[in-house]
Each structure stands twice: as C-alpha cells, then as structure tokens.
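Hi everyone, thanks for coming. Let me put the structure up, and then I'll walk you through a few side-chain contacts.

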Amino acid sequence: MFGTVPEPTIPERLLARLDDLAALLRQRGGVIALLGLGSVGTDLARLDDHSDLDFFVIVDDEDVQSRLLTDLGWLDVAPVAYSFANTRHGRKVLWVDGLYAEYAIFTLDELRASAYTGARVVWSRDDAPAGLEQAGAPVVSAPDAMPEHQLGEALTNLFVGLHRDLRGERLAATRLIQTHAVDRLLTFLDLTTGAAGDTRDPFAVERRAEGRFPAELLPLAELVPGYERNGEAALAMLEWVEARAEVSRALADAIRELAARVTGGTAR
C-alpha cells in the first residue's frame, strides 16, 4: 500500500513558482536572466511560511522591458488575483493560491546602477554576462553612520516629536519617536555590538530586529508602546540612551518636561 504524498510546503511552492517563471521567461525573446533575492536569493535558510518572492528580470533593452511590464501573460504560471505597478520598473503580484511576489525588470545598465545584495541566479541565458548576482553598485554605509550621531539623532527626534504631539500632530510625533528614533537605536547597536552579522538588511534596519537583539538589550515593547503613549516611549528611550552614553543635561531635562506635558504627569 502506497503512502499519501505530502503536500508541498510554502517554501517549496515559492521555489517552484520561481522555477516556473524562469521556464516561461526562457521562452520569451530578449530575456537574459532571472535573479532571486532575499529569502529566495542567497538567504535560502530564511525561507519560511511567511516569505514571498523577490526577484529581478534582466532584459536586453527597454522595448523588452516595456513589453514585460505591460503584457503580464508571463505571470500566468498560476491564476493572478491582484497586481499593480508600484515603481517604474516593477510590480507586485498576488496569485490566487496565496503566493505573493515583488519584482523589477531591468536592463543590464540599470542593473549595474542598482544597489542590491544577496542575489542568486535562478536562470540565465547561455550568453548572459558572468557575475550578474554581483553586478550592482556597491551597498555603502551612510557617511554619518557613527554611533554618537545615531544617539544624537534619536534624542532630537524625541524632542521634536514631543513638541508635535503637544501641537496635536500625534501621528507625526509617533513616527518620529517610535519609528525614526528607534531606527537610530537599532543602527547604534549594529555599529557598537557587532551582533548584526549577516542577518542585517542593509536597506531596512528594522528587519529581524528581534533576532538580532534580545529584549533585555532592546526592550521594544517599552520603546514602541503605541499611538497613545508617545510620552512614555520618549522617557523609556531617553533612559535607554542615558544608560549607554553621556546625555546633555539641558536636552534630557527638556525631553522630560515635554514628556510630562504629553502624559499629563510629572517628569521622572
């Protein structure tokens, strides 16, 4: 008696979808290669049930690029539920079976001018240039990526953000305090702990933050408590910075006074 063949897992389905797209693109004139990125690129170890497809299609010229961006028949390896153009070069697509992709279509010159990491050649034409997975512009750190700069940015984000909350611009305040300032703390830790390794996304510092930094080092629940709690978030962040660096007394006092006004309490 034969056993039941198990259903393919989502990671298996994602990789199969990428292979199916490559097989269809192979039949289209003017396509040079298909590159997988992220968890379907060189980071295959991260591929899981919550992953999606990120890929580049490399083409000979702008005519082929335009055709693939407007004639979406090559996506019909499975029925498409939804698709829209999110950039001049790319689209996002959701298939009926729940798999999701974000992709861009580049000429070789455009690829070489783009910054990307972790690419994997899924398929390439026989005459494709070697090294397409590393053909892009270097990914470089910002010139201001210094630890002390990150903390200064975070603290001034708190100061400005609290003023915006008091003005009634709570959404703008929340973004400054609980998003932008937190990003600066993440960058500070990346620069000072060496904990990031290969897990840091060079384009999105918040990615995989929980895996890079334990809660006892970066208490995100306290730093990002929500829209109604900008004052508490600012105080928690100020105390976090004070435990690691010397903070201007004048700035710290100003942040505490503003936070007290936001929360309706007293400075601590």
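**Charged pairs and aromatic rings**

Let's start with Glu 228, which is exposed, with a relative accessible area of 58%. Exposed here means over 50% relative accessible area, buried means under 20%, and partly exposed is in between, with a 1.4 Å probe and protein chains only.

Before I go on: this is a predicted model, so local features need pLDDT of at least 70 and side-chain atom pairs count only at pLDDT 80 or more, while totals for chains, interfaces and linings use all residues. Residues are numbered from 1 along each chain as its sequence is written, and side-chain values use heavy atoms, with hydrogens and water left out.

Now, what does Glu 228 pair with? Its salt-bridge partner is Arg 170, with the closest N and O atoms 2.9 Å apart. By salt bridge I mean a side-chain nitrogen of Lys or Arg within 4 Å of a carboxyl oxygen of Asp or Glu. Arg 170 sits in helix 5 (residues 170–193) and Glu 228 in the loop between helix 7 (220–223) and helix 8 (230–242), so this pair ties together parts that are 58 residues apart in sequence. Helices are DSSP runs of H or I with at least four residues, strands are runs of E with at least two, and both are numbered from the N terminus. Arg 170 is partly exposed, at 25% relative accessible area.

Compare that with Arg 212 and Asp 190, whose side chains meet in a salt bridge at 2.8 Å, N to O. Arg 212 is in helix 6 (residues 209–212) and Asp 190 in helix 5, 22 residues apart. Both Arg 212 and Asp 190 are buried. Across the whole structure, the search finds 16 salt bridges.

On to the rings. There are seven aromatic pairs, counted when ring centres of Phe, Tyr or Trp (its six-membered ring) lie within 6.5 Å; planes under 30 degrees apart are stacked, over 60 edge-to-face, and the rest tilted. One of them is Phe 55 with Tyr 103, stacked at 5.1 Å centre to centre with 10 degrees between the planes. Phe 55 belongs to strand 2 (residues 53–59) and Tyr 103 to strand 5 (residues 100–107), 48 residues apart. Trp 74 also meets Tyr 103: the centres are 5.1 Å apart and the planes at 75 degrees, so that pair is edge-to-face. Phe 55, Trp 74 and Tyr 103 form one aromatic cluster. Trp 74 and Tyr 103 are buried, and Phe 55 is buried as well.
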